[in-house]
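Me: I'm new to this one, so let's take it slowly. Can you show me the structure before I start asking?

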Amino acid sequence: MFKLRPGPLSRINAKTIFDTATYIGFLIFVLALPFGYSTAFLNIGLSFVLLGWVGRMVSERKLSWQRTALDLPIVLFLGLSLIACLFAPHPARSSLGYFWKLLRAILLFYAVIQSRLQSRWQHLVIAFIVAAGISSALGLWYYANDTRLAIDFMGRVGVQFQEELEAQEVRKSLHISDELRAELRECSVPLSESATLAPSKQPDEWRIDDPARQRRYVVRKDETHLMVYMIEQRLTGTFKMPNDLGAYLALGLPFVMGYFLAGWRQYPKQKQNRVRIILVLGAVVILMSANLVLTLTRAAWISVTFATVCLGVYLVVSRGNRVTRFPLRRLESAGGLRRRILLGAAVIIVVIGVSSFLMPQHIKARFQTVIKQPIGFMGERPQWWQTSLELIKKYPLTGIGLGRFRYEYQHSGPPEQYNIPYHAHNIYLHITVEHGIPSLLLFLWIVVIICQQVYGIRRATDFWGSGTFIGASGFLISALIYGLADNILHQRTVLLFWFIVGMIFYIKLLKDENDEETLETG
């Protein structure tokens with residue numbers, strides 16, 4: 001009798017279904033991450049991940065849990081965070097909402113660790129790079145079309161001026177009446193004589209250009225008033241705020257750059273695709289870098305630049321170490337190394353020179369503030385940090401509670417407050433002021449363990465392993481530097497942070513399993 005071979009459907013079981021759900025959920029999450037208006041898709045992806053994770057444990061009827069070195073510090077960190085919410089000086093229900101966002105991000109970390117992706121984790125990296133490239137390309141398109149720029153609310157004017165704006169638009173007149181000028185002056189919008197109306201591509205929206213003061217404004221219709229906003233020449237791209245885009249790029253760009261730099265190395269298995277890899281990843285890095293510049297987020301500029309320099313130094317040193325291992329080829333390799341260094345330096349000098357020549361004036365002015373550091377170039381950050389230190393002295397152990405910085409700043413900050421922030425704009429101060437000093441120590445402990453995991457994959461010789469090590473190193477350096485002037489554990493950035501950390505731990509876990517199998521069979 002003939003035996004029928006089992007078909008593909010016969011191999012489908014509950015385990016396969018739930019593992020596939022987890023894989024699809026991760027893909028949806030990664031693709032939705034750089035798009036700030038895709039919250040529904042992002043939550044759908046996380047729901048699939050949760051369904052696959054929990055469903056697999058239920059189907060197997062056992063609680064499979066991969067332990068990590070972060071288990072203890074994370075449990076203590078979450079415990080102190082919950083205590084900070086419950087024993088806050090002015091408790092609010094919103095603190096538990098912030099606690100849930102933190103818990104959700106850490107659960108995402110464990111979902112990556114507990115997943116059975118195997119080599120499919122590489123698909124997530126590819127999806128991450130594709131999503132970053134599409135988001136950055138859209139960002140440049142938005143900027144070229146003068147859309148998706150940051151706006152700052154200035155005030156309201158009477159709805160009676162709508163008829164004047166509509167009439168001027170129909171007549172294509174650029175004149176602004178004295179009455180409207182006076183009303184705008186009350187909103188701290190003093191227009192020069194050369195200010196004119198400009199056409200807008202959006203309905204119920206009018207623009208005002210004031211080239212003499214280098215200002216642009218947009219007037220939008222509300223139910224009872226006309227809302228006046230000042231247009232800042234800062235790209236928001238596919239996010240809602242330029243700082244959100246800057247934070248995403250500060251963490252994501254060095255990670256992608258790691259795979260780009262790994263593509264320059266000679267790997268026997270990837271020789272045929274090496275040029276293709278370099279071109280694609282190079283294009284994505286250029287697009288992301290352009291978006292980073294257009295956000296005018298100086299903290300992200302500095303953090304990514306510092307991380308890039310560190311990666312460059314590492315590549316030069318590691319290349320030099322390989323040269324010394326082969327004495328017979330030392331002279332030839334040393335000459336090749338010098339040529340690579342000189343070529344890289346020449347390319348960097350040319351790019352910087354061309355960029356400085358073509359760079360718009362407002363970007364040059366922003367760069368100058370980083371170099372010259374004029375008085376007030378940091379805005380109100382010193383004031384926010386000073387208030388944070390005062391609150392830390394007042395509540396050193398349990399902090400003020402998660403998400404309560406804005407409330408406490410309003411009541412304990414200086415009498416004159418222009419911008420009321422939601423966080424301390426320094427991750428170390430922010431954790432200390434909201435969670436307490438013990439939580440800061442736990443966070444630093446967590447960072448040390450993450451560094452150890454990254455260091456553990458340094459000997460990877462293939463493209464994916466080497467790219468992950470270089471990218472993870474740059475990601476961690478940039479995140480810690482960027483955290484000196486902003487909050488990396490805020491909104492989508494906290495999900496991105498813990499997702500990449502989860503990928504680092506998962507890849508290290510796979511490496512350890514492969515090493516054990518090699519020892520057993522060797």
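Me: Which residues line the second largest cavity?
Reply: This is a predicted model, where local features need pLDDT of at least 70, side-chain atom pairs count only at pLDDT 80 or more, and totals for chains, interfaces and linings use all residues. Residues are numbered from 1 along each chain as its sequence is written, and side-chain values use heavy atoms, with hydrogens and water left out. On a 1 Å grid over the protein atoms alone, a cavity is a set of points where a 1.4 Å probe fits but cannot get out, and lining residues have an atom within 4 Å of a point. For the second largest cavity, that lining is Thr22, Gly52, Trp53, Arg56, Ala111, Gln114 and Ser115.

Me: Which element gives the most to that lining?
Reply: Helices (H or I, at least four residues) and strands (E, at least two) are DSSP runs, numbered from the N terminus. Two elements give two or more residues to the lining of the second largest cavity, α2 (39-60) and α4 (94-114). The one that gives the most, with three residues, is α2.

Me: How do the lining residues divide into nonpolar, polar and charged?
Reply: Here Ala, Val, Leu, Ile, Met, Phe, Trp, Tyr, Cys and Pro count as nonpolar, Asp, Glu, Lys and Arg as charged, and the others, Gly among them, as polar. Sorted that way, the lining of the second largest cavity has two nonpolar, four polar and one charged.

Me: Which residues are linked in a network of salt bridges?
Reply: A salt bridge is a side-chain nitrogen of Lys or Arg within 4 Å of a carboxyl oxygen of Asp or Glu, and the structure holds eight of them. Among them, Glu205 meets Arg207 at 3.9 Å, N to O, and Glu205 also forms one with Arg220, with the closest N and O atoms 3.0 Å apart. The network links Asp146, Glu205, Arg207, Arg216 and Arg220.

Me: How far apart in sequence are the parts that Arg216 and Asp146 tie together?
Reply: Arg216 forms a salt bridge with Asp146, and their closest N and O atoms are 2.7 Å apart. Arg216 sits in strand β4 (residues 215-221), while Asp146 is in the loop between α5 (121-144) and β1 (149-158), so the pair ties together parts that are 70 residues apart.

Me: Is Glu205 buried or exposed?
Reply: Buried means under 20% relative accessible area, exposed over 50%, and partly exposed in between (1.4 Å probe, protein chains only). Arg220, at 32% relative accessibility, counts as partly exposed. Glu205 has 8%, so it counts as buried.

Me: Which residues make the nonpolar surface patch?
Reply: Patches are made of residues with over 30% relative accessible area and no salt bridge: like charges are joined within 9 Å, nonpolar side chains (Val, Leu, Ile, Met, Phe, Trp, Tyr) within 5 Å. Helix α3 (residues 71-86) gives the most to this patch, with three residues. The patch covers about 460 Å² and is made by Leu82, Ile83, Leu86, Phe87 and Leu96.

Me: What is the phi of Leu296?
Reply: Most residues other than glycine have a negative phi. Leu296 lies in the loop between α9 (274-295) and α10 (298-324), and Leu296 is buried, with a relative accessible area of 6%. Although Leu296 is not a glycine, its phi is positive, about 60 degrees.

Key. Areas by Shrake-Rupley, 256 points an atom, 1.4 Å probe, with all protein chains shown as cover. 1 Å grid on protein atoms, 1.4 Å probe; cavity = no way out; pocket = protein on both sides within 12 Å on 5 of 7 lines; lining within 4 Å.
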